[in-house]
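Please look at the two chains below and work through the questions that follow.

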Amino acid sequence: MKFDTPITIALSKGRIFKQTLPLLSEAGIELRDDPETSRKLILDTNRPEVKIVLIRATDVPTYVQWGAADLGVTGKDVLVEHGGEGLYEPLDLEIARCRLMVAGFACARLGGHRLRIATKYVKAARDHFAAKGQQVEVIKLYGSMELAPLVGLSDLIVDLVESGNTLKANGLVPLEHIADISSRVVVNKAAWKMKHATVEALLEVLRGAVARRGEA
Amino acid sequence: MENRHWLLPEGIDEVLPPNALALERLRRALLDRYGSWGYELVSPPLIEYLESLLTGTGGDLDLKTFKLTDQLTGRTMGVRADITPQVARIDAHLLRAGHPTRLCYCGTVLNTRNDDFGGSRSPLQLGAELYGHAGVESELEILCLMLETLECAAIPEVYLDLGHVGIFRALTRQAGLTPPQEMALFDALQRKAIPEIEGLVAGFGAEAQSAAMLSALAGLSGGPEVLERARVSLSAAPEPAHEAIAQLEHLARQMSRRRPDVQVHFDLAELRGYHYHTGVVFAAYAPGLGTELARGGRYDDIGRVFGRARPACGFSADLKLLYRLGQSEVEHQGGIFAPACDEPGLVQRIRELREQGQRVVCALPGQEGDARAMGCGETLEKQGMEWIVAPVV
C-alpha cells in the first residue's frame, strides 16, 4: 500500500510484537532493524514513511493518546486499565488471545464479605465486583499474582489466563470469567482526522489479513 | 531540596516573562478581533452555586468541577470548569434580548482532572457564543471566527472536523433504544470500537434495518465523500437524520466557498458534548497535538433551565494551549535605563518618555546589574542641562 503521510506505530515487545509483524508485512511494512539484537527504541522499516516505536505494553495507550505515535497495538486488558480516553479502537486483531479471570483455591468463597483481591488489573477487578454488587479490597501487584493466595496476602486474584498452567502449578483454579482479551489497534483521534486516508488504508489491509486468517 | 513550598499542584501552571506578556497581547488581540465582529465581552464570576453551573450539562462536567461549601448559606458552590453555561445563563436570564446576541469571554477555569486541554487543570478558556439564530449562517460565522482565532494565534496548519449529533439521536430513537443501551452504544462509538458496536447492536433486538444503520455509523468518517456514503447507507433513517446530513452538506459547501484553504474532515459518529449539543459539532486539529485544540457546535436548549431556550452556537479553546502551539513572536521589549537621581529635570523627562509609550526603568541606589542586565538598550545621560537618551555602549 501507499503511505501519503509519515506514520508512527507503537508496539510492545513479546507476543503482540511477534504476532503483529506478519500482519504489518501484508501491508508491505518490513522491519529494517532486528528488535532482538538492536537496542534502538525507534525502529526503521523498509518504508521511509513508517516508523515503529517499541515500548512497554502498558505505555502504548499513553503514547497514542498524546499523539507521540499515530497508532498502536495493545491488549484489551491494558486499554481497560488505561480508560481508553482520547483513543479510537477500531479493529480487533484477534491475536494474543486470553481471558481475564478471577482465580483462587478451588474451595475459595466467591461471595464472601470484603474479599481481598490481588491483581495488576485494579480497574477491571473493581468494576467486575462492583457490577456484582460486591465490596472488595483490591491489592495492586505488578506480577506473580498466583503467589498472593498461597501466602495469605489475598483471598482471590484477578489475572490473565492463557492455558491455565501457571494457576495449576500453584494449586489454583480459574473461578469466574470476566472478559475475553485480544489485541486491538488503537488510533490517535487527531491522526484519525488528519491522516485519515493513510490510517484507513492500513486498517483495511489489516482487516483483510485478520479475516483471511480467521477463515484459514 | 528541603523546602517544597515552591511546588505547584499537578496540572496547575503559571506563565513567566516574556511569555506572559506575549500571551496577554494575544488575549487582547483576540478580544479586539471578536469586538470587530460585534461580539460583546462578558466576565462571569469564577465561582457560583453548583446548580447554576451544572444544570443541563450532564455528568461529565459535574466530575470535573471543584466544589466547596458557602460559609454564608451552607450551599454548595462550584469553581467553573466551563464558561459556556455561565454565558448561557447571562443570555437567558439577564440580557433577554429579542435580537441575535453575540457574546465573547476569556477567563481561567479549573478542572479536577486533566484529561482535557493537553494536560492542564487550569486552562484559560476563550470563546464566543451566538444566540438567537438557528441556521447554517450562524454556524458558519462561529466556524470562521474559530478559524480566525487559530490564525491570530499563528497555528500553522488547521484541520476541521465536522459532525452532527442529530444523526445518532434519530437512529437511536428509531431503534427504540433504552437510555442505558443508548449510553453503551454512545461509549463504544466514541471509541470507534467497531467489533464491540456490532456485538452491542446485535444484542439490542432492534429490527435488522435500523441495527444495520447503527453499525454503519461508526464507519462514516473521512473526506467529503462521507456525506454521499451516509445518504446511501442511512437511506432508511428517519427524517431528522436526513435533515442533519443536508445541514452538514450545506455548511460544508458554504465553508469551502468562504475558506477553500481549510481541510475538512467529516465524522458522523463524533458526539463530542452529546449531552448538550443539539446539532452540528466541530473541532479543530493541528499537527503535533494529539487532541483537538478548539471545539464547538450548536446547543439550542442550553438556556431553557434559566428560563429561556433559544438557538445557540459557539466555540471555545484554551488560550494557553493556542499560545504554546502557535508561533506567536515574543517581542523583545528594550527600554531606557534611568540613573538613580531625583533631579526634577530627570523626573520630568522620564514622565514624558513614558507618556510617549517608552519603557523607562529607574535604577535603585546601590543596585546590582547595569542597563543591559535590566533589559535596556539605552540610558538617560545628562549632557549640559539636558537629559539625553543615548545607546548603551
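Q: How many helices and strands does the secondary structure of chain B come to?
A: This is a predicted model, and its secondary structure can be counted chain by chain. In chain A there are 8 helices and 11 strands. The secondary structure of chain B comes to 13 helices and 16 strands.

Q: What box do the C-alpha atoms of chain B fill along the principal axes?
A: For chain A, the C-alpha atoms fill a box of roughly 55 × 35 × 35 Å, taken along the principal axes. Treated in this way, the C-alpha atoms of chain B fill a box of roughly 95 × 55 × 50 Å.

Q: What percentage of the residues in chain B is buried?
A: A residue counts as buried when its relative accessible area is under 20%. Of the 216 residues of chain A, 49% count as buried. Among the 393 residues in chain B, the buried ones make up 49%.

Q: Which three residues of chain A supply 36% of the area that chain A buries against chain B?
A: Where the chains meet, 18 residues of chain A are in contact with 24 residues of chain B. The area buried between them is about 1700 Å², and carbon and sulfur atoms give 58% of that area. The three residues that supply 36% of chain A's part, more than any other three, are Trp66(A), Lys193(A) and Met194(A).

Q: Which residue of chain B forms a salt bridge with Lys76(A)?
A: Side chains of opposite charge can pair when their charged atoms come close. Between chain A and chain B the count is 6 salt bridges. In the salt bridge of Lys76(A), the closest N and O atoms are 3.1 Å apart, and the partner is Glu196(B).

Q: Which residue of chain A is linked with residues of chain B in a network of salt bridges?
A: The network of salt bridges includes Asp161(B), Lys192(B), Asp267(B) and Glu270(B). Also linked in this network are Arg272(B), Glu292(B) and Arg295(B), and the member from chain A is Lys193(A).

Q: How many residues apart in sequence are the parts that the pair Glu162(A) and Arg15(A) ties together?
A: Glu162(A) forms a salt bridge with Arg15(A), and the closest N and O atoms are 2.9 Å apart. Because Glu162(A) lies in the loop between strand E9 (156–161) and helix H6 (165–169) of chain A, while Arg15(A) lies in helix H1 (residues 15–26) of chain A, the pair ties together parts whose separation in sequence is 147 residues.

Q: Is Arg259(B) buried or exposed?
A: The side chains of Arg259(B) and Asp261(B) meet in a salt bridge, at 2.9 Å from N to O. Asp261(B) has 53% relative accessibility and therefore counts as exposed. Arg259(B) has 13% relative accessibility, so this residue counts as buried.

Q: What does Asp62(B) count as at 32% relative accessibility?
A: Lys67(B) forms a salt bridge with Asp62(B), with the closest N and O atoms 2.8 Å apart. Lys67(B), at 39% relative accessibility, counts as partly exposed. At 32% relative accessibility, Asp62(B) counts as partly exposed.

Definitions and conventions:
Residues are numbered from 1 along each chain as its sequence is written. Chains are lettered from A and ligands numbered from 1 in the order in which they are written. This is a predicted model: local features need pLDDT of at least 70, side-chain atom pairs count only at pLDDT 80 or more; totals for chains, interfaces and linings use all residues. Side-chain values use heavy atoms; hydrogens and water are left out. Helices (H or I, at least four residues) and strands (E, at least two) are DSSP runs, numbered from the N terminus. Buried means under 20% relative accessible area, exposed over 50%, partly exposed in between (1.4 Å probe, protein chains only). Contact means heavy atoms within 4.5 Å. Buried area is the accessible area (1.4 Å probe) that two parts lose on being put together, summed over both. A salt bridge is a side-chain nitrogen of Lys or Arg within 4 Å of a carboxyl oxygen of Asp or Glu.
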